[in-house]
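Welcome, and thanks for taking a look at this one with us. Below is a short briefing to read alongside the sequence and the 3D view.

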Amino acid sequence: MSNVFFQSKHALSSFVDLFVMKLGPSLFGVLASVYQYQWVYDSYFIPLALAMAMWSIIQSSILTPAERASYRYTNYNTNDEMDQCMTALRQSETVKQFSGEEYHSKRYREVLDETERTADHHKWVVEVVKRGSRVIHQLLHVIGTIMCLRLLARGHMKSSDVLFFLGHFQVTYRPLTYLVGLGQDVYNLHSNSLTLLRLIDNDNDMVESEDAPDSWDISEGTIEFKDVHFSYEKKTPVLKGISFTVEAGTTTAIVGATGGGKTTIMDLIARFYDVDQGSVLIDGVDVRHVKQADLRKSISIIPQQNHLLPKSIKFNIQYGTAATNMSATQDEVEGAAQKAQIHEKISSLAKGYETLLYQGGTRFSGGENQRLNIARGLVRPSKILLLDEATSALDMITERNVQNSINDGTKGKTCIVIAHRLPTIIHARQILVIKEGKIAERGTFAELKKIPNGIFKKMWEAQMKVAKERSDFDIHGMT
Ligand SMILES: Nc1ncnc2c1ncn2[C@@H]1O[C@H](COP(=O)(O)OP(=O)(O)OP(=O)(O)O)[C@@H](O)[C@H]1O
Ligand SMILES: [Mg+2]
């Protein structure tokens, strides 16, 4: 990715350099010379000038399609392959788990060889064009000199003019050769720019609205979905007409089968994507009509997947306040860790909160990582808290404790909780059951449990059955 970025960034600066600094002056030089041939010497020289121009065009066009393709090939494929190799390095655990070392080192060697081969090919073509150009130049020079000598013999030209012409020929030729070189630059630039456009196309950043206010804050935290339709890929609708309201300061739970679109709903609130139809409103304002930074600064997301950074534990929790320059104090960091039931574990480490994660430091279990993630989400000052399966990796007792502290710590905040384990959402103001991109059922826990043959009722009964079988969970205490 960084490789692509730097190459593409280079394309942008080359664009300015190429068109402003090089192409303009060179074209001017050539046109001025042709003008001089016409008026100062003789129109006989026009064919010569044209021959030179033709040659420069031929030169440009014999930068063969193969050569261009090879440059693009190097640019696209090796970037993709290189990115894959880099990802493999970063995901070294996955590589180890699936014994992928041999595969990746082989691919890496192949990528390097390929890069070298295409670079050699590219160099070879450039060299041929350069040498060929020199030969043709000499030839044109000789033709020009013969023409001058013939005109001199016939008395149409003075010897001083001949000398002047030969000097002038050099002056004309230089900008022409320069233009040929620019032809190559244009192709390379085109190729790099395509890469940049591809990068921009892939970028998920939403376009800021032109009429967005300079600054905007979530005041109450009411969330409203109005007939929202959304798809990641055109032909596969993911959300098909979702409408609901989460009153400020209340909790709404979302449940449903995997792949139903629950995480997508959360992503639309923080505007990681734009809806295809309908709207997402916060405090009555369409999220597309405010600046993304303003929208996200008061939303705290505890995602389904843990993304911890190879830094200290403190940094990882503090990162919840990255938008305010890591403003969380040590006390706030510890407070959040306590709520997430991870403070004791951290305190038991020799370096406590300064312990490094990964990179020669410690490694947490899945559930511990998840609790760090929760601490990071809780330390963030926010009006809206979105929890996506935030406690799924915890054992039931820890989950209940964490859930209780989340409930205590989030009083007054608007919460949306995605959960698979239904006991954790008993107290939600409303529960939405999502099925294949639609709200199939909605209501309170008690209401949903009563719907005959209802999805929620079935989920609940299935979970109760499992819990009873395991008898590690006091289901009666929860109902
Ligand atoms: N970035 C993406 N690009 C393309 N398709 C996606 C993307 N993210 C999700 N999807 C697809 O959209 C659908 C809904 O995904 P989503 O993550 O919202 O489901 P979910 O209800 O959260 O599932 P789970 O319970 O497994 O977390 C799925 O079919 C998924 O494959
Ligand atoms: Mg999900």
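**Around the ligand, and one lysine**

A polar side-chain atom of Thr-263 sits 2.7 Å from an oxygen atom of ligand 1. Please keep in mind that this is a predicted model. The points below cover the ligand's surroundings and then a lysine worth a look.

**Polar contacts to ligand 1**
- Gln-304 also places a polar side-chain atom 2.7 Å from an oxygen atom of ligand 1.
- Gly-260 takes part through its backbone, with an N or O atom 3.2 Å from an oxygen atom of the ligand.
- On its own, ligand 1 has 640 Å² of accessible area, and the protein covers 62% of that.

**The shell of residues**
- The residues around ligand 1 include the run Thr-258, Gly-259, Gly-260, Gly-261, Lys-262, Thr-263 and Thr-264.
- Also among them are Tyr-232, Val-238, Tyr-273, Gln-304 and His-420.
- Helix α7, spanning residues 262-269, gives the largest share of this shell, with three residues.
- By type, the shell holds eight polar residues, three nonpolar ones and one charged one.

**A buried lysine**
- Where does Lys-413 lie? You will find Lys-413 in the loop that links α13 (396-409) with β8 (414-418).
- Lys-413 is buried but has no salt bridge.
- The nearest side chain of opposite charge to Lys-413 belongs to Glu-332, 11 Å away; a salt bridge would need a nitrogen-to-oxygen distance within 4 Å.
- Lys-413 does have a side-chain polar contact, at 3.4 Å, with the side chain of Ser-382.

Terms used
Residues are numbered from 1 along each chain as its sequence is written. Chains are lettered from A and ligands numbered from 1 in the order in which they are written. This is a predicted model: local features need pLDDT of at least 70, side-chain atom pairs count only at pLDDT 80 or more; totals for chains, interfaces and linings use all residues. Side-chain values use heavy atoms; hydrogens and water are left out. A residue is near a molecule or strand if one of its heavy atoms lies within 4 Å of it. A polar contact is a pair of N or O atoms within 3.5 Å; within protein, one must be able to donate a hydrogen and the other to accept it, and residues adjacent in sequence count only if both atoms are side-chain atoms. Accessible areas come from the Shrake-Rupley method with a 1.4 Å probe; for residues, only the protein chains shown count as cover. Helices (H or I, at least four residues) and strands (E, at least two) are DSSP runs, numbered from the N terminus. Ala, Val, Leu, Ile, Met, Phe, Trp, Tyr, Cys and Pro count as nonpolar, Asp, Glu, Lys and Arg as charged, and the others, Gly among them, as polar. Buried means under 20% relative accessible area, exposed over 50%, partly exposed in between (1.4 Å probe, protein chains only). Lys and Arg count as positive and Asp and Glu as negative; His and the chain ends are not counted.
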